[in-house]
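Colleague: I have a few terms to clear up before I use this model. Please give the cut-off with each answer.

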Amino acid sequence: MLSNETKIDPFTLEIVKDSLLATGDEMFIALAKTSMSPIIYEVLDYASGLTDAKGQLLTQGNGVTGFIGMLSFMVKQTVEKYGETGNLHPGDIIIVNDPYGGGGSHLSDVGLVMPIFYDGEVIAFSANKAHWTEVGGKDPGSFTNDSRDIFQEGLQFPSLKLFDAGKLNEPLVEMIKANVRFPDLSLGDMWAQVAALKTGEKRVVELCEKHGKELIVSAIRSQLDHGETISRQELTKLPKGTYTASGYVETDGIGNGPFPIQVKVTITEDAFTCDFRGSSPQVPDPVNCSFTGLASAVRTIFLAITNPDQNVNDGVFRPLEIIVDDKSIMSAERPAPTSNYFETMLGCTDLIWKALAPHIPDKLAAAHLLSVCAVTLTGKHHDTEEPFLIVEPSVGGWGGAEGQDGASGQFCVLDGETYNVPVEVAETRYGVMIDEYSLRIDGSGAGQYIGGKGVIRSYRALTDEQSATVTFGRNKYRLWGINGGQDGSLNEFYIHKANGDIDGPFGVYPRYQLQKNDVLKLMTATGGGYGDPMKRPAEQVVRDVKNEYYTVEEAEHVFGVSIDPQTFDYKESANRR
């Protein structure tokens, strides 16, 4: 047996660490390959991983970056509710989507937690969190943009036992089946999550059998401490001081807003402190974010600033401190609605980004699309007449950065490594035709390094009485440029009606009714530019015009390069010299 002070040789430590990381990856793949919903197996809107017995994150595989930290909060709520009373047993699986504590996002993101026992003791937890197509509520797709309280947004699972000592809670499953619009999808995804949890349990038990429980526990402790060591080393490289930024959450979905938010970031040798006090109180509609969501947002940008290549565990975030007022828009409490929590999460991420970008240009770019740009589209399929439901985020432009142009057609920072539903899948499964999927060329984001382009994605309704709920945040305030770079553009959408009329632009709209051959035209933003446009090499400006990123007129007036549209010969203006 090993004591707590026993040192593990570095080779064994590395083997155990890599085994835990591999387990997280295997859980992630298992969930994707067994799920029923495109929002999971195509978009990858989920996360999975392992924590230690206290709920400290050990490894996480995630498509959605904004879930960093949420698994540990789910497990800690489970430990508080069941572990402290000795009411956790082998075979238990707990279901949770509480936005204010364990879940941290919105009701649509349903988490499962499983204690992993060895020799009668909990040594770890297997956990995952996935966006269900449906959890009930007043609107199809459940997350909506005009709910007035949490009760309109769907079923709430306040850390309930889905399995008790291996026995399925059948009444709970029946209740779910009776209260969601697409029970085959939601329950199919639930079973996929169960399969992924059991994969994690199996691998951890195998590790204990191979190396011994005490060694695994000691290796876990070392792994967390190593994460802290790396973060503190990176923290010493950051500029020390206090930096501030302010901004807005534009609307709550029912016409109120904008709501001011602010941050004061203090970096010392020992701590990275984000103080959000003074921001707006929680609001009547669903852009509220809980503290768990705020913590995940801050963790995301902290990791990007310190060491984005580092394997994530809770030790990494020990130097991080978050201060916020109670019942603010970013620390909302029951029963505030939270369906579109991600817009405030992104606003909080952007504040830290904006405050620090001028001081660490090698790490942070100009502003990116800054919205999930969520779309929920429902109706009947044109061939089968069966109901369909599209639930997906949208891609857009990232900001220019020191030494490089911004990336085009990428998801926002909190969506991370997610994907669109492919055109072929969308046109097969849903009652729509994709009329256009292209880069959006709007002349914005000019700079020495230009902002990446947003996209245009157009859905043509193939049946009557379809309904679109669209949440395109950042549609009033343009994306900020940096160091002389010009601002990017806005996220917006239009309705091109079959009779030729055009309605819009809109940013946030609940349940817009579409008739056959109406086109929902989604247009995401171009990122902010970096540096003075006059410093962009003339040859590159010519290539931009050839690529149709900018017009001949914009090349002359914005970049100071006069281009012959026939020959592409060019001449630089005097003010470039």
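Modeller: Start with accessibility: buried means under 20% relative accessible area, exposed means over 50%, and partly exposed is in between, with a 1.4 Å probe and protein chains only as the setting. This is a predicted model, in which local features need pLDDT of at least 70 and side-chain atom pairs count only at pLDDT 80 or more, while totals for chains, interfaces and linings use all residues. Residues are numbered from 1 along each chain as its sequence is written, and side-chain values use heavy atoms, with hydrogens and water left out.

Colleague: What makes lysine 327 partly exposed?

Modeller: The relative accessible area of lysine 327 is 45%, so the label is partly exposed. Lysine 327 belongs to the loop between β11 and α8, and although not a glycine, this residue has a positive phi of about 55 degrees.

Colleague: Which peptide bonds are cis, and what is omega there?

Modeller: One runs from arginine 334 to proline 335, with omega near 5 degrees. Proline 335 is placed in the loop between β11 (320-323) and α8 (341-356). Another joins glycine 504 and proline 505, where omega is about 5 degrees. Proline 505 is part of strand β18 (residues 502-506).

Colleague: What counts as a helix or a strand?

Modeller: Both are DSSP runs numbered from the N terminus: helices are H or I with at least four residues, strands are E with at least two. By that rule the protein chain has 11 helices and 22 strands.

Colleague: How do you know that strand β1 is largely enclosed?

Modeller: In β1 (residues 46-52), 7 of the 7 residues are buried, so the rest of the structure largely encloses this strand. In a regular strand, side chains alternate between the two faces of the sheet. On one side of β1 are Tyr46, Ser48, Leu50 and Asp52, on the other Ala47, Gly49 and Thr51, and all are buried.

Colleague: What makes β1 and β5 a pair?

Modeller: Two strands pair if DSSP finds at least two bridges between them. β1 and β5 (residues 121-131) have 7 bridges, in the antiparallel sense. Aspartate 52 has alanine 124 of β5 as its bridge partner. β1 also pairs with β2 (residues 57-62), antiparallel over 5 bridges, and there the partner of serine 48 is glycine 61. The hairpin of β1 and β2 has 4 residues between the strands, and in it glycine 55 takes a positive phi near 95 degrees.

Colleague: How do you know that the radius of gyration agrees with a compact globule?

Modeller: The radius is taken over C-alpha atoms, and the globule rule is 2.2 Å times the number of residues to the power 0.38. For 577 residues the rule gives a value near 25 Å, and the protein chain has 24 Å, which agrees. The C-alpha atoms fill a box of roughly 80 × 60 × 40 Å along the principal axes. Of the 577 residues, 60% count as buried.

Colleague: What share of contacts joins residues 24 or more positions apart?

Modeller: Contact means heavy atoms within 4.5 Å. Among contacts with a separation of 6 or more, such residues account for 72%.
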